[in-house]
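Reader: I am new to this structure. Could we look at it together, one topic at a time?

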Amino acid sequence: MSPRLESLNRPERYPLASTYDPAWVVSLDMGPHPLWQLEDLLPDLALEPGQKVLDLGCGKGATSVFLARECDVDVVAFDLWTGEDELRANLDAMGVADRVTVMRGSARDLPFDDDEFDAIVSVDAFEYFGTDVHLLPGLLRVLKPFGRLGDHHTSPARGPLPGPPSRMRHSPLRLGSSGLARSRLVGDPLAAQRPRRQRPRTHASRRG
Ligand SMILES: C[S@@+](CC[C@H](N)C(=O)[O-])C[C@H]1O[C@@H](n2cnc3c(N)ncnc32)[C@H](O)[C@@H]1O
């Protein structure tokens with residue numbers, strides 16, 4: 001394996017992603033390592049087997065494969081640019097076609113029922129449509145109450161793949177050495193509507 005491909009194996013940092021052949025990941029490549037980004041999101045998403053997850057802007061399907069295999073969830077792989085046939089072939093080749101439904105369309109006009117998804121995941125795609133003021137209401141419509149919304153997108157600083165355009169270098173998302181932005185939109189969008197839980201007092205919270 002070439003040193004560049006070998007460098008995509010980081011089992012100590014990404015134990016799940018590192019079980020995938022780096023050559024396969026690169027063959028579906030549309031940006032910095034999508035499985036690293038998704039593995040970073042997983043703890044916040046707290047997915048449970050059997051849940052239904054929208055992979056928004058799934059590209060060529062690497063993250064949909066990962067979700068189906070590692071989290072045992074049913075996935076809708078939804079993307080604007082990638083053709084359905086290509087996406088389906090990628091999923092078939094990885095043996096997850098029965099867990100993943102392929103749909104082509106735009107995040108700006110989601111063809112789903114209200115409360116259809118337990119979680120929405122978007123890896124390295126939100127920046128293509130996230131500025132649309134109608135987007136968030138649209139996502140909340142298709143997300144179940146107390147569902148999870150997780151976005152991870154690439155750092156403008158540096159990453160395993162060629163660097164970003166210089167105009168992005170001043171973004172507040174610029175982060176440290178991994179080259180990947182931490183999740184910025186992970187969370188429960190309906191948390192504010194829930195009764196506030198009593199938090200245990202910690203040493204830090206007692207100070208002032
Ligand atoms: C950089 S690629 C990332 C793909 C994949 N998530 C990954 O990490 O490999 C960005 C993706 O966003 C998708 N995209 C752009 N605009 C979109 C929109 N309005 N609705 C749905 N997907 C969109 C593109 O089709 C593309 O596949």
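Author: A term first: a residue is buried when its relative accessible area is under 20%, exposed when it is over 50%, and partly exposed in between, using a 1.4 Å probe and protein chains only. This is a predicted model in which local features need pLDDT of at least 70 and side-chain atom pairs pLDDT 80 or more, while totals for chains, interfaces and linings use all residues. Residues are numbered from 1 along each chain as its sequence is written, and side-chain values use heavy atoms, without hydrogens and water.

Reader: How much of the protein is buried?

Author: Of the 208 residues in the protein, 46% are buried.

Reader: And how many helices and strands are there?

Author: The protein has 7 helices and 5 strands. Both are DSSP runs numbered from the N terminus: helices are H or I with at least four residues, and strands are E with at least two. Starting at the N terminus, the order of the elements is α-α-α-β-α-β-α-β-β-α-β-α.

Reader: Take H4. Is it mostly covered or mostly open?

Author: Helix H4 is mostly covered, with 8 of its 10 residues buried.

Reader: Which residues of H4 are the buried ones?

Author: They are Ala62, Thr63, Ser64, Val65, Phe66, Leu67, Ala68 and Cys71.

Reader: What follows H4?

Author: Asp72 comes after H4, in the loop that leads from H4 to strand E2. Its phi is near 55°, a positive value in a residue that is not glycine. In general, most residues other than glycine have a negative phi.

Reader: Is Asp72 buried, exposed or partly exposed?

Author: Asp72 is partly exposed, because its relative accessibility is 36%.

Reader: Which other residue has a positive phi although it is not a glycine?

Author: Phe146 has one, of about 65°. Phe146 belongs to strand E5, whereas Asp72 sits in a loop.

Reader: Turning to charges, how many salt bridges does the structure hold?

Author: The structure holds 9 salt bridges. The term stands for a side-chain nitrogen of Lys or Arg within 4 Å of a carboxyl oxygen of Asp or Glu. Asp72 takes part here too: together with Asp74 and Arg99 it is linked in a network of salt bridges.

Reader: What does Glu86 pair with?

Author: Glu86 forms a salt bridge with Lys60, and their closest N and O atoms are 3.9 Å apart. The two come from distant parts of the chain, 26 residues apart: Glu86 is in helix H5 (residues 84-93), and Lys60 is in the loop between strand E1 (52-56) and H4. Glu86 is partly exposed because its relative accessible area is 37%. Lys60 also counts as partly exposed, as its relative accessibility is 25%.

Reader: And what about Asp85: which residue does it bridge to?

Author: Asp85 bridges to Arg88, with 3.8 Å between the closest N and O atoms. These two are 3 residues apart in helix H5, so about one helical turn separates them. Asp85 counts as exposed because its relative accessibility is 63%, whereas Arg88, at 36%, is partly exposed.

Reader: Where are the partners in the bridge between Asp118 and Lys144, and what is the distance?

Author: The closest N and O atoms of Asp118 and Lys144 are 3.1 Å apart. The pair joins distant parts of the chain: Asp118 lies in strand E4 and Lys144 in strand E5 (residues 143-152), 26 residues apart. Asp118 is buried because its relative accessible area is 17%. For Lys144 the value is 31%, so Lys144 is partly exposed.

Reader: Now the loops. Where is Arg108?

Author: Arg108 is in the loop between strand E3 (100-104) and strand E4 (117-123). Its relative accessible area is 47%, so Arg108 is partly exposed. The C-alpha atom of Arg108 is 9.0 Å from that of Gly130, a residue 22 positions away along the chain.
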